[in-house]
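Take a look at how two protein chains can meet. The report below goes from one pair of residues to the whole interface.

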Protein chains: 2
Amino acid sequence: MYKVKVFVTLKESVVDPQGSAATKALQKIEFPEVKDVRIGKFIELTVEKTEKNIEETVHEMCCNLLVNTVIEDYRFEIEEVGAQ
Amino acid sequence: MYKVKVFVTLKESVVDPQGSAATKALQKIEFPEVKDVRIGKFIELTVEKTEKNIEETVHEMCCNLLVNTVIEDYRFEIEEVGAQ
């Protein structure tokens, strides 16, 4: 079994309205020291071991469904766990 | 300056409709080996150094705004960067 962590972030060139709103809100309530906030997705996958290459599989899953590669970047960490 | 990475995940006991939908979609398109998907938030903060304790500050920011502590858990990593 594999536990995969996928970190999806907006590309640098893409405006992050959610992040900007969070920045202003934090600065307003009590945290003027906050300079920037970028909000992305943190995806945790549980994947059964198969004969397929797990790295390629995760790339395919990201490109096919989990990530909008036009505006988002991604990276991932794979951990093998348990017996099977 | 600090670069802070905050990982926000739904508590185990909380149903994740987005994650379930992603699981079914992945299984349907080509990835039957996917057993579970949990989708959370990955927040990147840029915070200026002040006399305040950065760990406490990040906890406060999470509890006050960034995290819904009723249904979400969070953890974070702090990295000091650059001069100031």
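## Strand against strand

V47(A) sits opposite V34(B), a residue of β2(B). The two strands around this spot are β2(A) and β2(B), the latter spanning residues 34-47 of chain B. They pair in the antiparallel sense, over 13 bridges. Strands count as paired if DSSP finds at least two bridges between them. Strands (E, at least two residues) and helices (H or I, at least four) are DSSP runs, numbered from the N terminus.

## About the model

This is a predicted model, where local features need pLDDT of at least 70, side-chain atom pairs count only at pLDDT 80 or more, and totals for chains, interfaces and linings use all residues. Residues are numbered from 1 along each chain as its sequence is written, chains are lettered from A and ligands numbered from 1 in the order in which they are written, and side-chain values use heavy atoms, leaving out hydrogens and water.

## The interface

How many residues of chain A are in contact with chain B? The number is 36, and they touch 36 residues of chain B. Contact means heavy atoms within 4.5 Å. Together the chains bury about 3,100 Å², with 64% of it on carbon and sulfur atoms. Buried area is the accessible area (1.4 Å probe) that two parts lose on being put together, summed over both.

Across this interface, 14 residue pairs are in polar contact, both residues at pLDDT 80 or more. Such a contact is a pair of N or O atoms within 3.5 Å; within protein, one must be able to donate a hydrogen and the other to accept it, and residues adjacent in sequence count only if both atoms are side-chain atoms. On the side of chain A that touches chain B, β2(A) gives the most, with 14 residues.

## Salt bridges

A salt bridge puts a side-chain nitrogen of Lys or Arg within 4 Å of a carboxyl oxygen of Asp or Glu. Four are between chain A and chain B. In one salt bridge, K35(B) meets E48(A) at 3.7 Å, N to O. K35(B) lies in strand β2 of chain B and E48(A) in the loop between β2 and α2 of chain A, so this pair joins two chains.

## Symmetry

A rotation of 180° with 0.0 Å of shift along its axis superposes chain A on chain B, at RMSD 0.0 Å. That is the relation of a two-fold axis.

Technical notes:
Least-squares fit on C-alpha atoms with pLDDT ≥ 70 in both.
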